[in-house]
Amino acid sequence: MNLNSTFISEDNLLSYSCEMPIVKTNKIGILFVHAANSTRLGPHRMYVEMARHYQNMSFPTFRFDMRGCGDSYGQYNEYKIEPDITDTIAAVHKFIDHAKLDQVILVGISKGARVCYTIMSKYQIPLAGMILLSTSLINNKNGMKYSFEQLIMYKKKLFQLSTFRKILSGKINIKQICKTLYSPIFISHNQNTKSDNYVYSKCPILLIYGDKDPIFKNSYEYYTKELKKNDITHKCHIIQGANHSFYHYKWKEEIIRVSDEWLKQFNEKEYNV
Amino acid sequence: MKYLYLHPFFDERKWAHRFSFQLIRAFENIGKYIERFDYHGTGEAEGKFEEITFDSLHNSILDHLNDNSYCLIGTRLGATIAFNCMNLMSVNIKKLIMINPVIHGSDYINYLFRQQHIKNILTGDSTKDSEVEDYINIEGFKTSKILIEQIRSYSLIKTLNSKYRDIPVHYFCLSANGNLTAEEKDNYEVLKINYPNTNIYKLSSQLFWRRIPSGDYSELINKILECCNES
C-alpha cells in the first residue's frame, strides 16, 4: 500500500511518500533524507529505486521533501542545517506513527547524511541503523579550501575563448559565480561539524563514499575516527571512481547491492523478493 | 477541460520540479486542478527508467487520457512529447502549451552528452560505457540506446500534422535576455504556417531546468494561466 500525503513540521506542510510491503512487514522502517536543494526522488531517482528495493525486502519506506523543496511548503535555507534536522525528526515521528514501527533506519546523502549523523549524536530517536552516503566534514579550513579551488577553476576558465565570448555577449552569470565562491565559506561557518563526546542514539552505520569525491579523504578519516572513538559499529564501503552524487547507474546499483547485504542483519527471516 | 503537466527528463526534471509545484499552487488559487504526469519509469511512477523508449512515453500518456478534453503543458522534452501526442494520436487534446520544447533531438542528445562528459572529467572518466551494452549512462540514469537513437533522429518540425491545425499552440521561449534566437524565429514561422493558432511568448527568465533550485516563476505562470483561460 502506497500513500502520498502531508505532515506538519513547525509551520510548514511537508509532502511525503510512504510505501508498505505487500506481504510481510518489518517493524523497522527506512526513511530517506535528501540532499540540499533536492527532492524525495533523490539524485537521478536513486531514492525511489532504493525504496522499491527495500520494500521488496519487507521494509516500509518513507521519503519526504524538506521545507521549500519538492512539493513541500516553506522556505529552504541551504546555509543552515537546523531546519532540515527539525523536518527529519518530524518525519521520523510521522513514519513511526503511520507504519506502527519500533525503529527506523535513516538513509542520507550529502547534507542529508550530515542531518542524519547530527540527529544520532544529539537526539534520542529510536534508530536501528543508518546508511550515510557522501557524508562531508564541514569546517572553516575545508570551506576556505573549496572556495579557493573554485577561484582557481574560474581563473583557468577566464582565458578560454568560450568565456571571452560569454563576457562579450553578457551571458556571464556574475551572481552565480559569486554564490559559488562564497557558499562554501557561509556553509562552513553555519554548519561546522563538531566532534561529539557523547552520542545519544548509537546505532550501526554503513558509510559509503566515492573515491573521486573531493570531500572523500578528509571526511572518511574524520567520521571513521569519530565512530571508533564513540564505539559505534560501522562498515565503510568505497566505490571506485564514483563522485559525490554517484552519477553513474553502476554506482547506484553498487549502493543498492551493498546496502542490501548490510540490511540483512535487520531482517531475521528470509525476505520476500 | 483537464490540465496535464509533462515533466522534462534527466537532471532537468529535478531542477524543474519546483516550477511545477508553483504551477499547481497557482492553478489551485483560481480553482483549477492540474495533474503532473510521471511517465512509466520516471518520478514516482512504477517501472524502470531503462525500459523507456520514445513509444513507451507516448503510450504512457495515451493510456492515461480518457474521454475528457485536455490541455497539455510541457517543459523541454515533456513539451515535445505533448506535441507528438497532439499530432500523432489523440483527438482529445484541445490545447497545447510548450515551454522551450526540444525541437531537434540531436541537439538535445549532444547537450546531454556534454553534461555527462563534464561529470566524467570531474571524476577522471574512470567508468566508460561499454560499446556492447544496451545502455548508456546519462546523468546517473540507465538509458537505453534505443531511446537515445530515437530522440537523436527526432525533429519536431518533421512531425507536423495538418489534421489538427485548429488546435491553439502556445510556444514559450525563455532565455536570459528575453530575445528569440534565429532558430526559434524559424520554428515559430513553421509552426504558424501549420497551426495558424500558434502564439509565441518570449520571456526573460532563468532557465529553471538548469541548476536553478527555486525562483519566482510568477510571470511565466501568469502567462500560462492566461493561455489556459482563453476559450
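Visitor: What share of the contacts in chain B with a separation of 6 or more comes from residues 24 or more positions apart?

Guide: Contact means heavy atoms within 4.5 Å. In chain B, residues 24 or more positions apart account for 76% of the contacts with a separation of 6 or more. Please note that this is a predicted model, in which local features need pLDDT of at least 70, side-chain atom pairs count only at pLDDT 80 or more, and totals for chains, interfaces and linings use all residues. Residues are numbered from 1 along each chain as its sequence is written, chains are lettered from A and ligands numbered from 1 in the order in which they are written, and side-chain values use heavy atoms, with hydrogens and water left out.

Visitor: How is confidence in the model read, and what does chain A show?

Guide: The term pLDDT denotes the predictor's confidence in each residue, from 0 to 100. Where pLDDT is low, the predicted coordinates should not be read in detail. Chain A averages 88, and 93% of its residues score at least 70. Within chain A, helix α5 (residues 161-169) has the lowest confidence, a mean of 71, while strand β4 (residues 61-64) has the highest, at 98.

Visitor: How many helices and strands are there in chain B?

Guide: Helices (H or I, at least four residues) and strands (E, at least two) are DSSP runs, numbered from the N terminus. Chain B has seven helices and eight strands. The radius of gyration, taken over C-alpha atoms, is compared with a globule rule of 2.2 Å times the number of residues to the power 0.38. For chain B the radius is 17 Å, close to the 17 Å that the rule gives for 231 residues, so the chain is as compact as a globular protein of that length.

Visitor: Is B:E139 buried or exposed?

Guide: Buried means under 20% relative accessible area, exposed over 50%, and partly exposed in between (1.4 Å probe, protein chains only). B:E139 counts as buried because its relative accessibility is 4%. This residue is found in the loop between β5 (135-138) and β6 (141-144) of chain B. Leaving aside neighbours within four places in sequence, its contacts include A:H44 and A:Y247 of chain A, as well as B:F10 and B:K119 of chain B.

Visitor: Which value of phi does A:D231 have?

Guide: A:D231 has a positive phi of about 55°, although it is not a glycine. A:D231 lies in the loop between α7 (216-229) and β8 (234-239) of chain A, and it is exposed, with a relative accessible area of 63%.
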